[in-house]
Amino acid sequence: MYKLTDSVPYLLNRAGVRIAEVFAQRIAEDDLSVAMYRVLAMLKERRESTLGDLADVVSVEISTLSRLVGTLAKRKLVSRTRPEDNGRIVIVRLTPQGEALTERLMPLAVELERTAVQDMSDEEVAALKKALRRMHSNLPGMSGKGKVAN
């Protein structure tokens, strides 16, 4: 029998919401949302990205992401440029101020993850991450493309 409180989507959402709430409290003094932090952290990891690629990785609609990036640019945390050979795309990069802020906040994210998985072995954490990646790839994206189980 189906039980909501034992379903994978419910349990994933419950854990994700809790983690996001705690992290949001920790970064509130920097006037950042969790989505803004994800943009900064992803740019720290990749050095630069197009808006489209960022939207996919950060799991935010491109229109929402465009507004977030605009806010981050006004705060001089990211820069936006258009390549001369392709005016349709926007390349987003961290500024030195954005990089410094991200480096200061990343240890908070690491600490929160450690807290969330503190009773799990390294093998269990690796298996959880692998399972979450597989679940993500099994499901259709925002564009509606992909597999759907019947």
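Which helices each supply at least two residues of the nonpolar patch? Helix 1 (8-27) and helix 6 (122-138) do. Keep in mind that this is a predicted model. The patch covers about 360 Å². Val8, Leu12, Met120, Leu128 and Leu132 make it. Take valine 8, in helix 1. Valine 8 counts as partly exposed because its relative accessibility is 44%.

Now the charges. The whole structure holds seven salt bridges.

Start with lysine 44 and glutamate 103: their side chains meet at 3.0 Å, N to O. Lysine 44 sits in helix 2 (residues 34-46) and glutamate 103 in helix 5 (residues 96-116), 59 residues apart. Buried or exposed, lysine 44? Buried, because its relative accessibility is 19%, and the cut-off is under 20%. Glutamate 103 is partly exposed, at 42%.

Next, arginine 47 and glutamate 99 form a salt bridge at 3.5 Å, N to O. Arginine 47 is in the loop between helix 2 and strand 1 (48-50), and glutamate 99 is in helix 5, so this pair ties together parts 52 residues apart in sequence. Arginine 47 is exposed, at 51%. Glutamate 99 is partly exposed, at 23%.

Last pair: arginine 93 and glutamate 48, 2.7 Å, N to O. Here strand 3 (residues 91-94) carries arginine 93, strand 1 carries glutamate 48, and the two residues are 45 apart. Arginine 93 is partly exposed at 30%, and glutamate 48 is partly exposed at 36%.

Key
Residues are numbered from 1 along each chain as its sequence is written. This is a predicted model: local features need pLDDT of at least 70, side-chain atom pairs count only at pLDDT 80 or more; totals for chains, interfaces and linings use all residues. Side-chain values use heavy atoms; hydrogens and water are left out. Patches are made of residues with over 30% relative accessible area and no salt bridge: like charges are joined within 9 Å, nonpolar side chains (Val, Leu, Ile, Met, Phe, Trp, Tyr) within 5 Å. Accessible areas come from the Shrake-Rupley method with a 1.4 Å probe; for residues, only the protein chains shown count as cover. A salt bridge is a side-chain nitrogen of Lys or Arg within 4 Å of a carboxyl oxygen of Asp or Glu. Helices (H or I, at least four residues) and strands (E, at least two) are DSSP runs, numbered from the N terminus. Buried means under 20% relative accessible area, exposed over 50%, partly exposed in between (1.4 Å probe, protein chains only).
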